[in-house]
Amino acid sequence: YILMLETSRAYLLKFDRVVVPMAKGDRSRVVLDLAFSISDTYNTEITALTVKEELKVTWSDKVNVIINAYRDGKERNIKVIPKVRTSRSVKQGIVEEVETRNYDLLMLGTFKRSVLSGSLFGGIGDYVIKNSKIPTAVFSVKGSMFPYRKILVPVCETLNTRASFSLAMHIKKALGSDLVIADLRKYDKKRTHGFQTLFDRMGEMVSTYGENVTVIRPSFSTSLLDEMDLVIRDQRPDLIVFGVADSKSGKVRFNSNIKNLVKSTVQDIVVLKK
């Protein structure tokens with residue numbers, strides 16, 4: 001559990017059981033390596049999942065990926081459970097799997113989409129983050145940024161949630177990263193909680209998750225997107241953390257600011273839905 005801000009359940013995340021869908025290529029491998037680092041800190045049990053599509057015959061290469069994940073985990077004294085699930089499609093199989101076990105977090109790696117693409121994370125990523133019923137972190141991975149030495153968290157309700165800030169702190173602790181908190185709350189047209197507990201208890205946060213935390217309050221622009229662009233150029237982070245929440249109808253909605261930033265930046269991105 002997160003220790004900082006434990007009086008607020010909005011910040012709580014658990015890492016006892018994490019599931020990482022695996023495929024060929026470096027994107028899921030980056031996410032698995034991050035899960036390994038988190039496990040070193042929080043003793044996480046990791047399920048390396050691959051989905052066998054019912055109508056496809058060739059899939060042995062997918063099994064090799066999760067077997068390699070198991071072997072790598074064993075070398076690091078990390079419990080990795082290789083899991084094969086059969087389903088009509090990969091995206092449905094992932095969502096079905098998270099409903100069958102008591103997982104705490106789903107970590108999914110995808111590749112970056114073009115600004116012109118109608119999809120944010122691709123067919124699988126878009127479906128999973130919208131339909132998963134557990135906290136889900138979707139990573140848009142370039143591949144060359146890991147391990148993340150500097151993490152940027154824009155703090156405003158337009159771009160983030162308290163749970164996603166919590167995720168950033170856990171990643172920071174697991175990797176020993178620098179953390180830059182960009183206070184952009186002035187761009188929130190309607191403020192509900194305003195992350196006030198976070199700023200009131202900053203000292204506790206640093207003592208729990210480590211130093212090298214910088215808070216900046218940029219004021220270069222009157223536009224949130226322009227402000228973020230300037231902050232990213234100035235700070236040059238390896239990972240940027242965003243967060244979204246389910247609406248009252250149970251559907252996750254990405255506002256235009258998050259969509260634009262996910263597609264336009266060269267950095268790795270993670271979007272958490274709790």
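Me: Is K79 buried or exposed, judged by its relative accessible area?
Reply: This is a predicted model, in which local features need pLDDT of at least 70 and side-chain atom pairs count only at pLDDT 80 or more, while totals for chains, interfaces and linings use all residues. Residues are numbered from 1 along each chain as its sequence is written, and side-chain values use heavy atoms, with hydrogens and water left out. Buried means under 20% relative accessible area, exposed over 50% and partly exposed in between (1.4 Å probe, protein chains only). With a relative accessible area of 52%, K79 is exposed.

Me: Which residue forms a salt bridge with K79?
Reply: A salt bridge places a side-chain nitrogen of Lys or Arg within 4 Å of a carboxyl oxygen of Asp or Glu; here the N to O value is 3.4 Å. K79 lies in the loop between α2 (60–75) and β3 (80–87), and its partner, 34 residues apart, in strand β2 (residues 45–53), where helices (H or I, at least four residues) and strands (E, at least two) are DSSP runs numbered from the N terminus. The partner is buried, at 12% relative accessible area, and is E45.

Me: What separates D229 and R233 in helix α8?
Reply: D229 is partly exposed at 34% relative accessibility, whereas R233 is exposed at 58%. Their salt bridge brings the closest N and O atoms to 2.6 Å apart. Because they are four residues apart in helix α8 (residues 224–235), the separation is about one helical turn.
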